[in-house]
Amino acid sequence: MDTTKYYKNQFDDYSTSVGHNIVRNDTNMIHDEFKSLLSSEINKLIEILMKNERKWINNDDYSVYTGQAGIAYTLFNYGKYYNDSVYINMATTILRKCTTEFKSKSKITFLTGAVGPLALTAVLLQSQQKKEEAEQFILKLKSLSAHVFDKSIPDELLYGRTGYLAALLYINANIVPAPIEADLIKKVVSHIINSGISYASSNNSESALMYSWHDKEYIGAAHGLAGILYLLLQARQYLTQIQIDNYIKPSLDYLKKLRYSSGNFLSSVESSSDRLVQWCHGAPGMSALFCLAYKVFEDSTYLEIAIQCGDIIWERGLLKKGYSICHGVAGNGYAFLHLFQQTKDIKYLYRACKFAEWCFNYGLRQNRSPDRPFSLFEGLAGVIYFMLDLQQPHLAKFPTYDILINV
């Protein structure tokens with residue numbers, strides 16, 4: 001176990017006396033005192049984000065992951081939560097720009113491709129009753145589906161087919177009636193599953209499904225099997241029972257064995273170093289998957305694994321790397337929100353609040369500055385997004401990973 005990656009957690013774990021002014025047992029919600037403090041910190045961080053607007057608005061990254069579209073997504077959610085049309089209108093303007101300036105059609109994923117801005121803009125316009133304009137963005141998004149079946153496209157979430165599936169599910173989850181045809185989603189799902197079957201078979205994998213990215217069999221949420229399975233489970237209404245029983249569940253059962261003695265998950269099948277406890281690699285990205293697996297299959301071992309992940313994150317999740325949702329403290333905080341939503345145990349809401357409290361001193365305890373310091377997945381916008389979500393913990397959703405409410 002690498003102890004150089006994280007700060008020792010000095011917070012007291014939950015008890016009624018310790019958590020009395022942070023969470024409320026009687027309502028299973030955040031205490032008003034902490035919620036007020038949280039709101040104050042959010043406004044401070046938004047002010048920092050806006051003071052540095054020139055630094056992030058003038059770069060040519062239009063992605064959701066590290067670019068302007070992700071920052072716009074945070075501004076939209078801030079405006080929606082506080083009923084402030086200024087931020088909603090700003091988000092709309094930025095997203096329109098992202099859809100026109102994003103030149104590459106080969107990047108077909110929600111997080112890193114043109115598909116992300118198209119999906120977000122469509123949903124935002126639909127919420128403003130601009131239905132005809134929203135439809136044009138949906139048509140553009142669907143027109144990119146031809147690229148999804150190119151053999152050169154990987155299957156993982158960040159750069160691959162699963163990222164396109166996330167965008168399709170996001171559109172249908174947020175627009176009624178659902179505008180993406182079931183046949184298209186089924187085609188994408190089947191392609192992802194068949195690709196995993198083919199790779200597993202040709203490489204003698206123990207798993208029913210397996211995938212490779214950059215010649216490594218990654219396990220985590222961003223590049224690996226866990227992220228693919230999580231999106232497939234969210235798309236389960238488009239799967240056959242054979243696909244679920246013969247490929248999804250056996251792959252989950254294989255995945256749950258890929259842990260170190262600490263309980264943390266490997267970053268790849270070949271990994272031998274217990275170093276990473278962050279959303280993209282390690283236990284934090286697994287908590288959501290195994291909470292959902294428990295809900296779908298009612299197998300208590302899945303929930304036990306998710307709970308073990310939570311304990312690892314509490315011990316090792318205050319990362320020296322920084323505060324981001326991809327590989328930082330805010331992303332680790334989402335693991336506690338998943339556990340809270342599944343178990344209703346107030347302890348996990350308390351833990352999420354303490355990780356948010358760590359983020360109040362944003363920027364002071366990190367060993368390097370991120371390349372995109374104001375972005376959604378690597379920087380400040382993601383921390384703000386997490387804090388906004390924490391104010392409504394029963395509805396919180398890790399951006400672009402949790403597509404459905406109460407999945």
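The residues lining the largest pocket of this predicted model divide into 13 nonpolar, five polar and four charged, where Ala, Val, Leu, Ile, Met, Phe, Trp, Tyr, Cys and Pro count as nonpolar, Asp, Glu, Lys and Arg as charged, and the others, Gly among them, as polar. Because the model is predicted, local features need pLDDT of at least 70 and side-chain atom pairs count only at pLDDT 80 or more, whereas totals for chains, interfaces and linings use all residues. Residues are numbered from 1 along each chain as its sequence is written, and side-chain values use heavy atoms, with hydrogens and water left out.

**The largest pocket**

- The largest pocket holds about 520 Å³ of space, a pocket being an open set of points on a 1 Å grid over the protein atoms alone, where a 1.4 Å probe fits and protein lies on both sides within 12 Å along at least five of seven lines; the volume is the space filled by probe spheres set on the points.
- Of the 22 residues that line this pocket, the closest to its centre are Asn77, Lys80, Tyr385, Asp389 and Lys397, a lining residue being one with an atom within 4 Å of a point.
- Helices H3 (68–81), H5 (115–127), H8 (161–174) and H16 (380–390) each supply at least two lining residues, and the largest share, five residues, comes from H3; helices here are DSSP runs (H or I, at least four residues) numbered from the N terminus.

**Helix H6**

- The 13 residues of helix H6 (residues 131–143) should span 18 Å at 1.5 Å a residue, which agrees with the 18 Å between its end C-alpha atoms; the expected span is 1.5 Å times one less than the number of residues.
- Ala134, Phe137, Ile138, Leu141 and Lys142 are the buried residues of H6, with buried meaning under 20% relative accessible area, exposed over 50%, and partly exposed in between (1.4 Å probe, protein chains only).
- Seen down the axis of H6, these buried residues fall within an arc of 140°, so they line one face of the helix; the arc is that of the directions from the helix axis to the C-beta atoms.
- On the other side of H6, Glu132 and Ser143 are exposed, while the cover over the buried residues includes H4 (85–101), H5, H7 (145–148), H8 and H9 (182–202).

- Helix H10 (residues 225–234) is largely enclosed by the rest of the structure, because 10 of its 10 residues are buried.
- The buried residues of H10 pack against H8, H9, H11 (241–255), H12 (283–297) and H14 (329–343), contact meaning heavy atoms within 4.5 Å.
- Isoleucine 384, which lies in helix H16, is buried with a relative accessible area of 0%.
- Not counting residues up to four places away in sequence, isoleucine 384 touches Ile42, Leu45, Ile46, Leu49 and Thr74; its C-alpha atom is separated by 6.8 Å from that of leucine 45, 339 residues apart along the chain.

**Backbone features in loops**

- Most residues other than glycine have a negative phi, and most peptide bonds are trans.
- The peptide bond from valine 176 to proline 177 is cis, with omega near -5°, and proline 177 sits in the loop between H8 and H9.
- Asparagine 83, in the loop between H3 and H4, has a positive phi of about 55° although it is not a glycine, and is exposed with a relative accessible area of 71%.
- Aspartate 215, in the loop between H9 and H10, has a positive phi near 65° and counts as exposed at 76% relative accessibility.
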